[in-house]
Amino acid sequence: MLFNSYEFIFIFLPIVLFGFHFIGKHCRHRFAIAWLVGASLFFYGWWNPAYLGLLLFSIVFNYSCGTSINNVADGKISKKIILIIGIIINLSVLGYFKYANFFIDNLNVLTGTNIFLNEVILPLGISFFTFQQITYLVDSYYNETKEYNFLHYCLFVTFFPQLIAGPIVHHKEMLPQYNNDSMYRIHSKNITIGLTIFILGLFKKVVLADGISVYASPVFNAAEIGTQLTLFEAWVGAIAYSFQLYFDFSGYSDMAIGIARMFGVKLPLNFNSPYKATNISDFWRQWHMTLSRLIRDYLWDPISLTLTRHAINNNYNAFEMFSLTIVTPILFSFFWIGLWHGAGWNFIIFGMIHGVYIIIHNIWKTIFVNKTNFRINKTIAWLITFFAVSISWVPFRAESINGAGNILAAMFGLDGISLSGSQLVNLGPGFIWILALLIIATKFPNTIQFMQKFQSHSDDYNYKEINVERSLLGWNLTTLWAIIIGIGFCIAIASITKTSEFLYFQF
Amino acid sequence: MDDETLQVINKIFIEVFGDSNILLDKTTTSTDIDKWDSLNNMHLVVAIEKHFNIKITLKDIKSWKNIGDLCDWISNQS
């Protein structure tokens with residue numbers, strides 16, 4: 001069931017919301033939680049009931065591991081063993097469902113064998129719920145998980161607003177909310193704020209992302225079958241996709257945050273205007289932030305600490321130091337970021353491109369910014385960042401390396417620079433769409449800024465690095481805003497004409 | 001928190017970032033210092049480890065919200 005479907009908006013959500021607050025008011029809180037878990041499992045099973053079993057197995061297995069880890073005293077070897085076994089089993093399950101076909105295909109190419117494996121269907125959201133639970137195991141190991149109520153744990157994993165495509169949450173930021181009585185009391189403010197954020201997200205998805213997709217998809221599809229593209233076609237396709245992905249995924253995140261808020265739950269921020277970034281490191285601080293923090297906390301920091309300790313204790317010179325403590329962990333982390341998105345070389349290339357970007361930015365910073373305080377003009381810095389990111393989305397979106405290569409070749413004029421029109425897309429309206437979304441993405445306040453008077457997201461210990469500028473334009477509880485948001489809702493509802501899945505569901 | 005620890009930490013920051021203008025106080029966080037990000041965070045951590053001859057874990061790092069927390073933590077180690 002999609003957030004942008006009539007059955008979700010007009011049937012599922014109202015019933016679940018009413019039921020939750022009704023039970024929360026009249027019965028024990030655990031029944032309200034059970035209702036929400038049941039609804040979430042139904043939501044997941046709606047897509048493919050066969051994989052409900054996998055989700056339930058994953059929950060029971062990880063919950064058992066977590067409580068076992070917690071029951072063992074610190075420093076005992078068995079604590080570490082349970083953690084390692086837990087992580088291995090999680091990764092094996094993920095590996096089978098997500099990467100088995102990719103692995104076998106590559107093995108066949110490399111060794112000339114002809115092993116055949118039936119196409120394994122990717123369970124929805126498996127990367128999200130697997131990684132969320134691995135972090136739970138690690139947090140349990142470090143005694144950062146304080147509460148072990150099974151029902152609460154089930155909700156932490158299955159909570160339908162963020163089960164399928166995030167934001168990826170931590171046990172320690174969710175469970176205290178379930179224990180707070182105010183979650184079970186209906187607050188009109190929560191409903192209003194939640195509904196507003198949901199409508200903002202819905203509008204971003206069905207009007208903006210789906211609207212611009214008609215200028216991206218034909219270009220990528222044509223490139224896949226080897227059609228030669230013109231320079232303009234390729235750029236319009238690539239830039240249109242950059243906006244499609246942003247409005248699609250940030251729209252989904254807003255919808256998730258909005259729905260959760262109607263249930264009295266605050267989710268973490270996932271996007272903070274990434275296309276306003278003027279360098280690539282800032283881009284990653286502002287794009288899919290809950291994935292970035294997960295990679296930083298659970299992959300980057302441990303590797304970086306170990307390698308830095310090794311390099312400093314062995315008195316490495318500056319070059320060795322840079323290679324070991326910056327280049328190696330960056331490439332390693334971005335390799336996994338790429339592969340996390342999907343089983344394909346395209347995604348690995350996408351990750352590696354960003355790894356190289358970050359390394360270049362780091363060298364630039366070390367040489368120019370830190371030593372001479374030289375800074376390039378902000379607009380130029382923004383342009384470089386935006387185009388660099390747009391180029392990286394090409395392999396991310398393309399279905400094959402050849403398809404990506406065709407678009408990139410045309411973008412860089414390798415197929416000749418022809419200024420002719422396009423058979424594939426209507427370039428004029430395409431330019432207008434791009435310009436409009438560019439202005440929205442870079443000049444308009446983002447959701448957290450728009451809702452600045454009403455704390456719209458959970459407080460996060462990692463937000464210290466996040467700088468949210470105050471915006472002049474902000475939502476408030478006024479009739480005028482109610483009318484504007486209401487009109488936005490009507491436009492969005494009228495735009496839901498076809499089933500349009502969220503791009504991030506495939507990850 | 002004693003000022004001596006803060007001064008030592010300030011000196012380590014100046015050395016690691018090669019910037020003599022860095023002036024820390026106990027409320028300083030990573031947002032206040034441009035050059036301080038997650039890429040070079042561990043260089044600071046290991047420099048502190050070396051200077052005080054202590055071992056710092058990831059959990060310790062996460063528990064510090066600002067320089068004041070870090071200094072208090074170091075003072076409690078001895």
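# Exercises on chains A and B

In chain A, 78% of the contacts with a separation of 6 or more are between residues 24 or more positions apart; a contact means heavy atoms within 4.5 Å. The structure is a predicted model, in which local features need pLDDT of at least 70 and side-chain atom pairs count only at pLDDT 80 or more, while totals for chains, interfaces and linings use all residues. Residues are numbered from 1 along each chain as its sequence is written, chains are lettered from A and ligands numbered from 1 in the order in which they are written, and side-chain values use heavy atoms, with hydrogens and water left out.

## Exercise 1: chain A as a whole

Find how many helices and strands chain A has, and state which radius of gyration goes with its 507 residues.

Step 1. Chain A contains 19 helices and zero strands. Both are DSSP runs numbered from the N terminus: helices are H or I with at least four residues, strands are E with at least two.

Step 2. The radius of gyration of chain A is 23 Å, close to the 23 Å from the globule rule for 507 residues, so chain A is as compact as a globular protein of that length. The radius is taken over C-alpha atoms, and the rule is 2.2 Å times the number of residues to the power 0.38.

Step 3. The C-alpha trace of chain A spans about 70 × 65 × 55 Å along its principal axes.

Step 4. Of the 507 residues in chain A, 57% are buried. Buried means under 20% relative accessible area, exposed over 50%, and partly exposed in between (1.4 Å probe, protein chains only).

Step 5. Chain A has an accessible surface of about 21900 Å², and carbon and sulfur atoms account for 67% of it. Areas come from the Shrake-Rupley method with a 1.4 Å probe; for residues, only the protein chains shown count as cover.

## Exercise 2: A:K79 and A:S392

Which helix holds A:K79, and which helix holds A:S392?

Step 1. A:K79 is in helix 4 (residues 77-111) of chain A. The relative accessible area of A:K79 is 2%, so A:K79 is buried.

Step 2. Leaving aside neighbours within four places in sequence, A:K79 is in contact with A:I69, A:V72, A:A73, A:D74, A:Y141 and A:N143.

Step 3. A:S392 belongs to helix 15 (residues 378-397) of chain A. A:S392 has 0% relative accessibility and therefore counts as buried.

Step 4. A:S392 touches A:F350, A:I353, A:H354 and A:Y357, not counting residues up to four places away in sequence. Between the C-alpha atoms of A:S392 and A:I440, 48 residues apart along the chain, the distance is 21 Å.

## Exercise 3: chain B

What pattern does chain B follow along the sequence, and which of its helices has the highest confidence?

Step 1. Chain B has four helices and zero strands, in the order α-α-α-α.

Step 2. A compact globule of 78 residues would have a radius of gyration near 12 Å, and the 11 Å of chain B agrees with this. The C-alpha trace of chain B spans about 30 × 25 × 20 Å along its principal axes.

Step 3. In chain B, 51% of the 78 residues are buried. Residues 24 or more positions apart make up 49% of the chain B contacts with a separation of 6 or more.

Step 4. The mean pLDDT of chain B is 86, with 96% of the residues scoring at least 70. pLDDT is the predictor's confidence in each residue, from 0 to 100.

Step 5. Confidence in chain B is highest in helix 2 (residues 41-52), at a mean of 91, and lowest in helix 3 (residues 58-63), at 86. For the complex, the predictor gives an ipTM of 0.89 and a pTM of 0.89.
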